[in-house]
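Here are my notes after a pass through the model, jotted down point by point. Have a look at the structure first, then read on.

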Amino acid sequence: MDKEILDQVNIDVAWGLVEEYSKFPRWKPDDVNKSCKLITDKLEKFGVNHKVYEPELYLSVPFTASVKLKDGSSLHAKPPSYSINCEEGVTAELHYVPSHVSKDIENLFDKSQDKEASTPDKVRGKIIISEGFSFPGKIQDFEKAGAVGVIAINPGVDIHWGICTSIWGMPEYDGLENKPNIPVVAVNLESGNTLIELSKSNEAVTLFTKLEEGWFNQKIPEVTIQGNNDNDDFILLHGHYDSWDVGVGDNATGDACMLEIARLLNDNKTKLKRNVKIVWWPGHSTGRYAGSTWYADNFAIELSRNCVAQINCDSPGCRWADTFNHLSVMTEAEDYVHKVINEITGITPVCERPHRAGDYSFNNIGISSFFMLSSTMPDDLRKEKNYYAVGGCGGNIAWHTENDVMEIADKPNLERDIKVYAASVIELSNCKYLPFNWLASTKEFREVLNNYQKKSESHFDLSDAIKSLDDFENKLKKFYDLINQDNIEPTKANKIIKKLARILIPLNYARNPRFTHDPAVPIPQIPVLSLCEEFNEIPKKDHGFVKNQLVRGQNRFIDALDQASVLLE
C-alpha cells in the first residue's frame, strides 16, 4: 500500500458533495442529469480528465400509488419501478400468500412465499398480499400464476421504493414479454396487517399506480486516469449517482467516495502503473442498472480485452457501520480483499457470494469483482435496534426511503471507507502479478460438485466433471508455483489470470451466454449443474428431462475447464 498517497485523502472534498446531494432528490431523469453537473464541475475544478456519455436509457419512473378499500378509504402505498401505470385502477379480491421477511442480507433476494398458497388455482384473478419487498422473483411468480396485482408488505413503519422487473438493464426486443404487466405496490406493516385481515373475508380492493415509462436521455460521467504501463489494462471503479429521494447513504456517500478517489489518483497518476476508470451510473434505481448495463454492452469488447477487475462503490460511510460483514466478493478475490481491509482498518471482513443485484452488470463478460455494499453495522447492533435486513445504507433501515438524509452519513466512517476503496485500486494498479487466486475457485467448485453429487444421489453421475476439475487444478497449481517462484514473465501470467476470469466467472455466476445479461434473480453456484439439488423436489415423471439438462450442463462445465486448461498449457 502506498501510505503516502492514502495520507492525502481529503474528507472535506467528499463531504462537500454529500452535503450538496442531501438537498434534492435524484430519481426523476431531469434531476439526475442536473446532479451530474455537480460531479463534472468538481472534476473540472480538480483538473481530472473525464468525458460524459449521453445514452438513451429505458426507465420506469414511479410517482404515487394507493390501495382503495370497500368503505371508500385509501391506504398510502408506493409503486416500484416497472409496475404498470394503472391510474384507472384494478379491482379484485385479496388473497394472502404468507412469506417470511429475510433476517439477513445474504438471503434478502430469495423467494420465500408459501408454495401451497401460491398455486395458480388460488392466485388466478386475485390481488396478492404478501410480506417482503417487491423483488422481481416473487412478482414474476405471482404474475405467471395469474395474479392481477400484488401488494408487498414492507416490514416496518416506512415504505421502501424499489423495482419489480426481473429484466437486467434495458429490455431486449426478444425479452419484452418478461416486463411486468400487472400493478404492484408496497405498503407498510400496519397497512399490510389491515389488508391481511380483509383477505380473510375475501374483500376486494382497488390498486392505483402512477408511473411514467419510456426512453430518457441520461448522463454517464467517466474518468480515465492514465497509468504508466504501455498496455490498455484498467481497473473499473463505479457506483450509481441516481438515488431514491435524496439518498444520502445510498448513494451520495459512494458518489463522494469516487470523486475524492478521482482527485487523489489524478494527483498521483505518475505513481500508478495500470489505468483506472471511474464511472457514475444513472438508471440504477428506475432502470434495474440501466446505466451500467449500457456501458457493459457498448464497451463490452474493451472490457473483455482490458478490464482486470470491477469494484462497485455503494453505501460506504454510513452511521454505525463499523464492520465489513456482508461484503460481496467473488471467490478468487477473497484473499486480496481480506489483505486490503485488514491492512487499512485492522478489521477482518466477512465475504459472501455476490447477489444478483447492485451494478454487477459484468458477470457474463467474466470480470473479477468485489464490493457492492461496503461497511455495515454489526449484526448484534442491528438485532438490538430491531432492524430488518435491507440492501444498503450500512444496514440503516432508512434505505430507499425519504429518511435517508444527512444523519445517515458518518464522516469518520466515510474517510475510512475512501481509504479502503483507494487502497484496493492503487494496489491493483501497481501489483506485479494480479492477486486473483483461481485455486480458491477450484476449491469452491469441488465443494459444490461434491454437494451436488450428494443431493442427486444415484440419479446423476458427476464423476466426469470431478475428473476434469482434478486435471485442471493440477495444471493450475503448477501455474501458481511459477508465480510464487517469480519464474514466469508477469505480463504473460497476468494475461492468463485475466483470460481465466472470462471462462470461470460466467461458469459460476451466469446462466446466459457472454455479452448478455441474466435476469435479476438469485443464481446458484455452477448454475448449469444446480438442478442436482432439486431431484427430490421434482416429480419422478420429469427426472428424465432433468437428467437430459444435466448431461448438457456437465458438457458445458467440462468444456469450460478444457478451454481454461489450454491457457495453462
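Predicted model: local features only at pLDDT ≥ 70, side-chain atom pairs only at ≥ 80, totals over all residues.

1. What does Arg353 pair with? Its side chain meets that of Glu444 in a salt bridge, at 3.8 Å from N to O. Arg353 belongs to the loop between strand S14 (351-352) and strand S15 (369-370), while Glu444 is part of helix H13 (residues 438-456), so the bridge ties together parts 91 residues apart in sequence. The Glu444 end is buried, with 10% relative accessibility.

2. Another pair worth a click is Glu407 with Arg319, a salt bridge whose closest N and O atoms are 3.8 Å apart. This one also links distant parts of the chain: Glu407 is in the loop between helix H11 (379-384) and helix H12 (411-430), and Arg319 is in the loop between strand S12 (307-312) and strand S13 (327-328), 88 residues away. Are the two ends buried or exposed? Glu407 is exposed at 52% relative accessibility, whereas Arg319 is buried at 18%.

3. For a local pair, go to helix H7 (residues 248-267), where Arg263 and Glu260 lie three residues apart, about one turn of the helix. Their side chains form a salt bridge at 2.7 Å, N to O. Both Arg263 and Glu260 are buried. The pair also belongs to a network of salt bridges that takes in Asp267. Across the model, the count of salt bridges comes to 27.

4. Now the surface. Glu172, Asp174, Glu177 and Asp297 gather there in a patch of negative charge. Asp174 is in the loop between strand S6 (149-153) and strand S7 (184-187). With a relative accessible area of 61%, Asp174 is exposed, because the cut-off for that class is over 50%.

5. Last, helix H3 (residues 29-45). I checked its length: at 1.5 Å a residue, its 17 residues should span 24 Å, and the end C-alpha atoms are 25 Å apart, which agrees. Which residues of H3 are buried? The list has Pro29, Val32, Asn33, Ser35, Cys36, Leu38, Ile39, Thr40, Lys42 and Leu43. After H3 comes Gly47, with a positive phi near 70°.

Definitions and conventions:
Residues numbered from 1 in each chain as written. Heavy atoms only, no water. Patch = residues over 30% accessible without salt bridge, like charges linked within 9 Å, V, L, I, M, F, W, Y side chains within 5 Å. Areas by Shrake-Rupley, 256 points an atom, 1.4 Å probe, with all protein chains shown as cover. Salt bridge = Lys/Arg side-chain N within 4 Å of Asp/Glu carboxyl O. Lys, Arg positive; Asp, Glu negative; His and termini not counted. Charge placed at Lys NZ, Arg CZ, Asp CG, Glu CD. Helix = DSSP H or I, 4+ residues; strand = E, 2+ residues; numbered from the N terminus. Buried < 20%, exposed > 50% of the residue type's maximum accessible area, 1.4 Å probe, protein only. Expected span 1.5 Å × (residues − 1).
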